[in-house]
Amino acid sequence: MRKYPSSKGKYYRKTLLVILFAASIPGLLASLGIYWFAAGAIKDDMTELHRKQMEERAAGMDDLLGYLEQSIASWSLESSFGEDLKNMDFSLPANSNEMRNISQVLHIIHGSHPLISQVQLYIQHEKEPYLFNPQLTYLHEPKLQHEYENLLTRPERFMWSTQPTVLRGASQEGPAKKEPVIMLSHKIIGADGGSFGVLMVTLVPEKLLDQLMALTPYNEGSVFLLDENMKPMVSSNDGVEAEVFERSLREDILKTGQPSGSSIKEWRGVTYSVSYNTFDRLGEQWTYVAAAPMSVITSSVELISTIIFTISLLMLLAALFLSWIASRHIYSPVEQFVTLLRGNRQLESPGYAIDEFKLFEQEWQEISLESKALQLRLEEELPRIKESFLLQLVQGHLQAYSEKDIRERMKHYGWNVSDRKFTFIIVQLTGQSGIHSRFDIGEEGLAAFAAANIIEDTARDHLPQYSVLSFHNLMIGVLVIQPLEEVQQNGLQSFAEALTAAVSGTLRLAVTVTISQPTTLVRSLPNLFIEVNQAATLRLFRDENQIIDMNQEYVQWDEHAESGKNTNYPFALDREMTEAMRMGEQEKMELLVDEFLGEVSAGHEKEYWVQQCVLQLYGSMQYVILQTGIQPHQLFKGKNMYEQLSIIREPRMLSQWLKACVIHPYMEHLKKRTNIQMKRMVEETIRYVHLHYMHDISLDSCARKVGTTPYTLSRLFKQVTGVNFVDYLTDYRVVRAKELLRTTNLKIHEIAEGVGYKHSYFNRIFKKYEGMTPSEYRDEWRAG
């Protein structure tokens, strides 16, 4: 395609040619100055910068290891690592849940830190020591037992181990690995102060090496870590040459006698910048050392100087050469840029002359419009971004950030947090299962969305700065930001009353508003969120509007502080419920559930008291289920029943949940199992009757034989066979007697004894069933 440059373009090309030629000479001179005179000064500056970078990044690694130590110390107090482990027999099925819980905790510890390679729990059992790795393993090898017992006998409760050990391969097949490992171990202390176990964490050598490599910004040189005895723990180099160099560095450090420092070392024709410092790790001092060749540090300066010199020289030569060629070649970059901006668009006419800089202006305006569109889209997404940030903040996911960092982010999102205090308000919706509610069960998300919009409108009229958070479980949070000098009680109380009236009147749901105490620290909002959630359980367990202000003195954790009464747990109803479950009386269980809830929620009982009572009742019901031989996790299909039960806040929904999710599945399973057991016991009874009918057998003896009560056996026998036990036994004996009368010549009294009767009683029974005496029956059969 033919190109048509403008007259302005020719002028710009000539001007560019002059500027290029004039600018090339100073650049050439500057590059020479940098190359010959500034390299030495920059080398010193880069060495000092290397040392500072080492100190800063080493502090980060120190924090990383410190966080690992704090985490392991916290995990050693895990409730799953209780003292009962040293007496627990995991071969019993009853302890399978505890075994799985311990394995899950060890998996969680393994994933909680990037440096962790392996997590082990050793327990010194009274019979035979065992190891979770994270699965249960019994230690039969004396050598392994001796290794773990050495950890228990050491005086330190919390220690690092860097000696060669076989512990790393304790759970692997084949011979254990012998190479040194770095292991952090924490003893498990019992109630008597003695240790009965050890929680051990092995670090990933490769990841620890990566952290060491992060201590230096250069890929060349040597980085290694020394223990308290100045022996190498981890090194970035391999080979004899590297070992000799590292040994020389250790000798230099020992000569200085200083815990940290930096120096220049000449080694076999290469100059190294050496920096070292120490970590304090549980009473021990670890020393890190980083040595980088000076050529690596200054190579960038020398390269840049060479490049500048070369480019300047080339520019000078190019300017001399381009001075006698057409300006078109000088101007080609601009022309190419014009072509790039224009794309596939062609000129309107052959004589059309485009103004390149006008084109640049047009393109800039288009880019500005696109930028404004993106800015508008960002403003639309900002509320969702702010809500996501607040959710992370109040739920404790930003604890790693400092107070200053969080405030800066809040300012960036548009909040004014300077000289401000923060109050958190929780709004809970109840009464969804009531007949006047606008929402059905299962529409919790829709109800929470509608309530959040109403609260947003109400807050706009009462609060200068706020944010509304929807938790999508019939709970909405409001973060209120006020000036420090502002008195909050009256304003927040009126806001609570207004939003209660608005939500309750519009959605026909009961509202409980809980107002927290104010705080001036943003980082304390997670604790404030937990406290206000706990205070929300002080509400009366009724479907009515309530306001709980944590700033009021009467808000106490004693649920009977106001009334002065003493409410006890209804143990009698608990016992009746367990007995009804054992007897399989479904209707009685459902009536007892309603009676129990009515008693514990009567009067002015608080929510947390009712929840504790219902959780205790469910615990009793689960105990009965276990006694009947049914596994709850199979019956309830692995659901977390305690978690589901703890979030229900209405008496009617509690009753429905206990009936539908606990009683009905239990009764269905019980009926299926009872039918099988019932048929088995009746069949065993009939078989016993057929084998021992000639002896003195009774309902009691048969009941003992099949392992049940006479009453239960009589009821089951009638239900399965359709006749009573006594009638069946008598009928079978008469049938056997008739057979003997027909096929033998035995006397009547001998036949009576042969079927388990006395002679006189046998005659009456036989005549009652056959309408004739045994003798008449024999004569009639023979005559016929």
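Is Asp419 buried or exposed in this structure? With a relative accessible area of 60%, Asp419 is exposed. The legends below return to this residue and to several others, and every value in them comes from a predicted model.

**Figure 1. The whole protein, as a setting for the close-up views.** The protein contains 24 helices and 16 strands, and 41% of its 784 residues count as buried. When contacts between residues at least 6 apart in sequence are considered, 64% of them join residues that are at least 24 apart.

**Figure 2. The packing of helix α13 against helix α14.** Two packed helices are described by the angle between their axes and by the distance between those axes. Here helix α13, which covers residues 571-583, packs with helix α14, which covers residues 586-600, at an angle of about 165°, and the axes lie 9 Å apart. Because angles over 145 degrees count as roughly antiparallel, α13 and α14 are described as roughly antiparallel to each other. The crossing in which α13 passes α14 is left-handed. On the α13 side the contact is made by Leu573, Glu576, Met577, Ala580 and Met581, while α14 contributes Lys588, Met589, Leu592, Val593, Glu595, Phe596 and Glu599. Sorted by class, this contact of α13 with α14 holds eight nonpolar residues, four charged residues and no polar ones.

Figure 3. Side chains of opposite charge can pair when their charged atoms come close. Arg680 and Glu684 are separated by about one helical turn, because they stand four residues apart in helix α18, which spans residues 651-692. Arg680 is partly exposed, with a relative accessible area of 44%, and Glu684 also counts as partly exposed, at 22% relative accessibility. In the second pair, Arg736 and Glu739 meet through their side chains in a salt bridge of 2.7 Å, again from N to O. These two residues, Arg736 and Glu739, are three residues apart in helix α21 (residues 725-743), so about one helical turn separates them. The relative accessible area is 26% for Arg736, which is partly exposed, and 31% for Glu739, which is partly exposed as well.

Figure 4. Lys738 forms a salt bridge with Glu770, and the closest N and O atoms of the pair are 3.3 Å apart. This pair links distant parts of the chain, since Lys738 belongs to helix α21 whereas Glu770 belongs to helix α23 (residues 759-770), 32 residues apart. Glu770 is partly exposed, with a relative accessible area of 27%.

Figure 5. Thr512 has its place in strand β15, which runs over residues 510-515, and at 0% relative accessibility it counts as buried. If residues up to four places away in sequence are not counted, Thr512 touches Ile426, Val427, Gln428, Arg539, Glu544, Gln546 and Ile548.

Figure 6. A cis peptide bond, with omega of about -10°, joins Asn133 and Pro134, and Pro134 lies in the loop between β2 (130-132) and β3 (136-138). Asp419, the residue of the opening question, is found in the loop between α9 (403-413) and β12 (420-430), and its phi is near 55°, a positive value in a residue other than glycine. Arg508 likewise is not a glycine, yet it has a positive phi of about 60°. The place of Arg508 is in the loop between α11 (489-507) and β15, where Arg508 counts as partly exposed at 48% relative accessibility.

**Figure 7. Gly491 of helix α11 and its distance to His462.** Gly491 lies in helix α11 and is partly exposed, with a relative accessible area of 32%. Along the chain Gly491 and His462 are 29 residues apart, and their C-alpha atoms are separated by 7.5 Å.

Note on methods
Residues numbered from 1 in each chain as written. Predicted model: local features only at pLDDT ≥ 70, side-chain atom pairs only at ≥ 80, totals over all residues. Heavy atoms only, no water. Axes fitted to C-alpha atoms, helices over the stretch in contact; angles between N-to-C directions. Parallel < 35°, antiparallel > 145°, perpendicular 65-115°, else oblique. Left-handed = near helix turned anticlockwise from the far one by under 90°. Contact = heavy atoms within 4.5 Å. Nonpolar A, V, L, I, M, F, W, Y, C, P; charged D, E, K, R; others polar. Buried < 20%, exposed > 50% of the residue type's maximum accessible area, 1.4 Å probe, protein only. Salt bridge = Lys/Arg side-chain N within 4 Å of Asp/Glu carboxyl O.
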